[in-house]
Amino acid sequence: MKKLFAIALSLVLLTVFIPTNVGARSEYVLCGPKRWEGVIDWDFLKVVRNDFELADRRNCNTLVVHLTSPGGYVLNALMVVDEIRAAKARGLRVEIHGGRLVASAALYILAEGTPGYRYAQQDSLVVIHAMYRGFGECLAYPPDDAISEDAKATRQIYNMIFRVLARSTGWTVAQVKEWFDCSRSIVGGGEILILYRLADHMED
């Protein structure tokens, strides 16, 4: 009888003390602030993935990020966007604060933050521009009848950018396409991010 009682008691204790919310995210647990800084490349992507893995292990509800970047490799930036989307789908809030410099491909990353939790810094440099090959040649969107491999690749990358920004900002693909013009760049401060719906709130 004593043995049965001891077994029953141990089962009760296990029932009481085993947490029932394993895998759930607590609304009170924050991770960060993390810093995503510099040129967007494979190393930048690795930092992002590590931060999300840590947030998952700690069962965080919110990952706070400070983003400062001149841009970088477009495909790496789009991979970062994919990581943010996947994290949001897992229930993580991705709160992104733009820093002194948010330009080029960094804009795709800021815009992909959780709506309502994307921040622009008032005194910052923001640049929206078309793609460049290296530091000189601007890559215009190729016409539909351009069938070279280079034209096909450029058109495909642009289409990916347009769809990503249309989804995160609420503009249409056609409207986003107008931002990427080799004859001009869109340059300003944090107000540009608000105006183009790349961010939601302004910070000092």
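Which residues form one aromatic cluster? They are Y141, Y158, F162 and F180. Let us walk through this structure and then come back to that group.

This is a predicted model, in which local features need pLDDT of at least 70 and side-chain atom pairs count only at pLDDT 80 or more, while totals for chains, interfaces and linings use all residues. Residues are numbered from 1 along each chain as its sequence is written, and side-chain values use heavy atoms, with hydrogens and water left out.

**The chain as a whole**

The protein chain has 7 helices and 9 strands; these are DSSP runs numbered from the N terminus, helices being H or I with at least four residues and strands E with at least two. Of its 204 residues, 42% count as buried, where buried means under 20% relative accessible area with a 1.4 Å probe, protein chains only.

**Aromatic pairs**

Rings of Phe, Tyr and Trp (its six-membered ring) pair if their centres lie within 6.5 Å; planes under 30 degrees apart count as stacked, over 60 as edge-to-face and the rest as tilted. By this rule there are 7 aromatic pairs. In one of them, the ring centres of Y158 and F180 are 6.0 Å apart and the planes stand at 75 degrees, so this pair is edge-to-face. Y158 lies in helix α5 and F180 in the loop between α6 (173–177) and β8 (186–188), so the pair ties together parts 22 residues apart in sequence. Y158 counts as buried at 1% relative accessibility, and F180 counts as buried at 10%.

**Empty spaces**

Rolling a probe the size of a water molecule over the atoms shows where empty space is left. On a 1 Å grid over the protein atoms alone, a cavity is a set of points where a 1.4 Å probe fits but cannot get out, and a pocket is an open set with protein on both sides within 12 Å along at least five of seven lines; lining residues have an atom within 4 Å of a point. Points are joined across faces, edges and corners, and a volume is the space filled by probe spheres set on them.

| Space | Volume |
|---|---|
| Largest pocket | about 680 Å³ |
| Largest cavity | about 40 Å³ |

Of the 23 residues lining the largest pocket, G72, Y73, V74, Y132 and G134 are the closest to its centre. The largest share of this pocket's lining, 4 residues, comes from α5. The largest cavity has F180 among its lining residues, along with others including W179 and L198. Two or more residues of that cavity lining come from each of α4 (106–111) and β5 (125–128).

Methods. Buried < 20%, exposed > 50% of the residue type's maximum accessible area, 1.4 Å probe, protein only.
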